[in-house]
Amino acid sequence: MELSVEFFPPKTPEGENKLRLVRERLSEVLKPAFYSVTFGAGGSTQSGTLKVVSEIHAAGAMVAPHLSCVGSSRESVCQMLKQYQSLGIKRIVALRGDLPSGMGQYGEFHHANELVEFIRSETGDWFHIDVAAYPETHPQAKSPASDIDFFVQKMKAGANSAVTQYFYNTDAYFRFVDEAYEMGVTQPVIAGIMPITNSTQLLRFSDACGAEIPRWIRLRLQSYGDDVASIRAFGEEVVTDLCDQLLTAGAPGLHFYSLNQADAVLAIADNLSLGS
């Protein structure tokens, strides 16, 4: 079982300093198998991604930059791959990505399986490639069946593993994994975990990405109002229990969507006796 953590590129020097401290705390206690670093829609944080990735790699940790189909040409992707290879980066998260508002179309790649195939054709087995999985079905999918089909295509295109969108229903995860395995997928599907620390933010994220917040969790969060301490204590309990169920039932790993924060991730890991 491996732990990993996602960051986003900070936009200010203060944010960069804060992320550095967060990473140092996480590395000291959890020693994550890798950190992933997001890539803004349409390449809006491309330089920020490269900066964070370079720093994490220089510190001796495994790091996986996100690569998105949005606004990407074969040439631009090729340049990024060469740049990452020259740095010694060995892992990549290949995504279709979401079109930013006002942007009418994708670049030369329309689906993540095309991006995976291209990375393999250009770089062979240099990169460990992760792709995304949606246990509760991608919000733009025509049906759950078509979503699973797209997922299987990505895995068969050359992905080494998958990381799921976050969820709070373990049944959705295990059903998705079982269906994918029945269709010939053999690679690990790592469970994506979103700590609960801010109810307004969580509800906004979830409405945007299609992750379901179970009614009982939503109502409890709403009942706490602005009581931050109660929200965090409840969130820690809920997500610890979620992770415990996943690990007990054999999930191959947990990938924490940290939002560049360490406290909640460390608290959950401590509850599960993970890390040093």
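Figure 1. Strand S3 covers residues 63-68, and its 3 bridges to S4 run in the parallel sense. (Helices, H or I with at least four residues, and strands, E with at least two, are DSSP runs numbered from the N terminus; two strands pair if DSSP finds at least two bridges between them.) On to the next neighbour: S4 also pairs with strand S5 (residues 128-133), again parallel and over 3 bridges. There, Ile92 stands opposite Ile129 in S5.

Before you go on, a word on the ground rules. Residues are numbered from 1 along each chain as its sequence is written, and side-chain values use heavy atoms, with hydrogens and water left out. Since the model is predicted, local features need pLDDT of at least 70 and side-chain atom pairs count only at pLDDT 80 or more, while totals for chains, interfaces and linings use all residues.

**Figure 2. Strand S4, covered on each side.** How many of the residues of strand S4 (residues 91-95) are buried? The count is 5 of its 5. (Buried means under 20% relative accessible area, exposed over 50%, and partly exposed in between, with a 1.4 Å probe and protein chains only.) Arg91, Val93 and Leu95 point one way from S4, whereas Ile92 and Ala94 point the other way, and all are buried.

**Figure 3. Strand S7 and its link to S6.** Strand S7 (residues 189-193) is mostly covered, with 5 of its 5 residues buried. Val189, Ala191 and Ile193 sit on one side, Ile190 and Gly192 on the other, and both faces are covered. Strand S6 (residues 161-164) runs parallel to S7 and is joined to it by 2 bridges. Look for Val163: its bridge partner in S7 is Ile190.

**Figure 4. Strand S2 beside strand S1.** S2 spans residues 34-37 and has both faces covered. Phe34 and Ser36 are buried on one side, and Tyr35 and Val37 are buried on the other. Strand S1 (residues 2-7) runs parallel to S2, and 4 bridges join the two. Val5 has Tyr35 in S2 as its bridge partner.

**Figure 5. Thr49, tucked into helix H2.** You'll find Thr49 in helix H2, which covers residues 46-58. Is Thr49 buried or exposed? Thr49 is buried, with a relative accessible area of 0%. Contact means heavy atoms within 4.5 Å. Leaving aside neighbours within four places in sequence, Thr49 is in contact with Pro9, Val37, Thr38, Phe39, Pro65 and Tyr84. One of these, Thr38, is 11 residues away along the chain, and its C-alpha atom is 6.6 Å from that of Thr49.

**Figure 6. Two residues with a positive phi.** Most residues other than glycine have a negative phi. Lys31, though, has a phi near 45°, a positive value in a residue that isn't glycine. Lys31 lies in the loop between helix H1 (13-29) and S2, and it counts as exposed at 55% relative accessibility. Asn260 also has a positive phi, near 60°. Asn260 has its place in the loop between strand S8 (253-257) and helix H10 (263-271), but Asn260 counts as buried, at 6% relative accessibility.

**Figure 7. Ser223 in helix H8.** Helix H8 covers residues 215-223 and contains Ser223. Ser223 is exposed, with a relative accessible area of 56%. How far apart in space are Ser223 and Ser199? From C-alpha to C-alpha the distance is 10 Å, and in sequence they are 24 residues apart.

**Figure 8. Stepping back to the whole chain.** Taken together, the protein chain has 10 helices and 8 strands. Its radius of gyration is 18 Å, close to the 19 Å that the globule rule gives for 276 residues, so the chain is as compact as a globular protein of that length. (This radius is taken over C-alpha atoms, and the rule is 2.2 Å times the number of residues to the power 0.38.) Along its principal axes, the C-alpha trace spans about 50 × 45 × 40 Å. Of the 276 residues, 48% count as buried. Among contacts with a separation of 6 or more, 78% come from residues 24 or more positions apart.
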